[in-house]
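Please read each point with the structure open beside it.

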Amino acid sequence: MTDRIVLDARDLVVRYPGSPPVVAVDGVSLRIGAGETVALVGESGSGKSSVARAVAGIDRPAEGEVLFDSAPVSPLGIRRRARSLTAIQMVFQDPSTSLNPRRRVGDQVSDGIAAARARGLAASRPEEWFERVGLDTSWVSRFPHQFSGGQKQRVAIARALAARPHLLVADEPISALDASTQTSVAALMRDLVAELGAGMLFISHDLAVVRRIADRTLVMYGGRVMETGPTAEIWDSPRHPYTRSLLAAIPVPDGAGRIPVAPTADERASWTAIPPIEN
Amino acid sequence: MSAERRGDALAAAGWRTRMRWPRAWRSPLGIVGSVIALAWVIVAFTASWWVPFEPNAQVLPRLQEPGIDTLLGTDGTGRDIFSRLMTGATVTIPLALMLVVAAMVIGTVVGAVAGYFGRWVDETLMRLTDLVMAFPTVILAMVIAASLGPSLFNAVIAAIVVSWPQYARVTRSLVLGLRGQNYVIAGRLLGHSPLRSLTVDILPNIIGPVLVLATLDIGAAILLLSGLSFLGLGAQPPTAEWGSMISSAIQNFDAWWLGVFPGLAILTVVAAFNFLGDALRDVLDPTAEVSKENQADRAASATGTPA
């Protein structure tokens, strides 16, 4: 890990229109250094994806600012994206919708390479990236429907990494995959991102995977960060009751057939009252 | 697992995919439609070389009944109906195809731009579309054709003006649906320009339904052109055109063959293109696409491929 900060998001607030407006993210700040993997965990609806979209510049946050390589991130508009911002790439949750069904996968990875070349970086070939993500190099001329979900996700990762990003935002990249491939895809992403010296924001609700790949973890609940700290510390000695409850929700295969108890409404209400903890 | 086995499974899936196309076409109406439409298109492009008489030559006895000499009879000025009918196809069908292509291109561009850019662009273009759609098709086409002056070319222009809005509507809604798709966003994140995003990521994925609409619209276009000619706003005498042939048949009401054969020609070609459009819709059915995808996925997982 270096001291260079690739992403510095301050006091992000994301609201969705409605009456009253839904506050999906309520004052989240996060920093990611080059070569660092930061995990964002929390239950569904806690605002993880909203943070990801705001950080990647897909949606404009209502308040707060996002700095990427010390320059503000302008949201995707009608115009072509600024060249320097193509160094933010994203991997989406659903591999079946993240590839254009009518284009050969090699061409789609070439788009990533073209983005890297437009920033003055060395050219590469789609085959190289296929090899890095563990796909057969002869498959570059195939169409997405000829791949399984896990393979599609690998192609999407290859496309994102071919752009040589400084920041990779991964929005639940493994949750649509089966258990046997989840860990391998997550480990692959971490290794390749570290190889490029990029930062990664890895969003997941799978704490077991997060524990293995993330340097730091942010626990989100109700649009706010409840606890932050090095992953090992959070895993071993969670201090916020929500983090404890999240960790307790992981079923233990002890043969007794116990299913973790769901938290009560009172418990849930109490979590937001407890101030965030920073390890 | 071996790469070859996986290759085999995919090859098998590919083979099934190739077999699916003819199967969808093999519906009875699909075949009937394809054959008749193809026959008419061939007639339309070759008729001038093999028709037995000049379409405008008044060399035969007047109002002769269908028979050996004149296959479908002659009209009130001694012209051969069969020759005029076939020559009429060379006028109507290419113009109808051109009309549909032009309307499709205009409508798709307007709809895609409106759907992609949204906001005031969308509002402006769609209110314009609504404006055109608010008028009954035939009446508006009549007004335009009449104000431009009655000729076949002006009738085509009128027909284009009244038929592009439906393409704009359909394209806009399809583009709106795809605009938020992850692969479109991924392309934008990679620095695609709006034009590239539209032409590479969006248009190839919506062209199927638009083509189906266009095929179904060919029949309507022929009806509209013939209708305008029937009203005297399209083809002018002595041009052989189906609508104007029916129109002039009214003057000789007893001679049934004057009106029936052009009518049958319109009926068959319109029905054929509608059947063709229906078959095309079945072929391009998105749910069929999904089941195909599942099939491919199952084939892949059956060989135990680690993803």
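1. Before the elements are named, a definition is needed: helices (H or I, at least four residues) and strands (E, at least two) are DSSP runs, numbered from the N terminus. By that definition, B:Val138 has its place in helix 5 (residues 137-148) of chain B. The model is a predicted one, in which local features need pLDDT of at least 70 and side-chain atom pairs count only at pLDDT 80 or more, while totals for chains, interfaces and linings use all residues. Residues are numbered from 1 along each chain as its sequence is written, chains are lettered from A and ligands numbered from 1 in the order in which they are written, and side-chain values use heavy atoms, with hydrogens and water left out.

2. Chain B has eleven helices and zero strands, so that its elements, read from the N terminus, run α-α-α-α-α-α-α-α-α-α-α. Of its 307 residues, 49% count as buried, where buried means under 20% relative accessible area, exposed over 50%, and partly exposed in between (1.4 Å probe, protein chains only). Among the contacts in chain B with a separation of 6 or more, 72% are between residues 24 or more positions apart, a contact being heavy atoms within 4.5 Å.

3. Is helix 7 of chain B buried or exposed? The residues B:Asn182, B:Tyr183, B:Val184, B:Ile185, B:Ala186, B:Gly187, B:Arg188 and B:Leu189 are buried; because eight of the eight residues of helix 7 (residues 182-189) of chain B are buried, this helix is largely enclosed by the rest of the structure. The cover over them includes helix 1 (48-56), strand 6 (88-91) and helix 4 (149-162) of chain A, together with helix 3 (81-117), helix 6 (152-179) and helix 8 (194-230) of chain B. After helix 7 of chain B comes B:Gly191, whose phi is positive, near 90 degrees.

4. Between chain B and chain A the count is one salt bridge, defined as a side-chain nitrogen of Lys or Arg within 4 Å of a carboxyl oxygen of Asp or Glu. It joins the side chains of A:Asp111 and B:Arg196 (2.9 Å, N to O), and the pair crosses from helix 2 (residues 105-118) of chain A to helix 8 of chain B. A:Asp111 is buried, with a relative accessible area of 9%, whereas B:Arg196, at 32% relative accessibility, counts as partly exposed.

5. Over all chains, the whole structure holds 19 salt bridges. Within chain B, B:Arg79 forms one with B:Asp75, the closest N and O atoms being 3.1 Å apart, and both B:Arg79 and B:Asp75 are buried. In chain A, the side chains of A:Arg125 and A:Glu127 meet in a salt bridge (3.5 Å, N to O); A:Arg125 is partly exposed at 49% relative accessible area, and A:Glu127 is partly exposed at 22%.

6. The end C-alpha atoms of residues 7-247 of chain A lie 27 Å apart, and the span is 34% helix and 26% strand.
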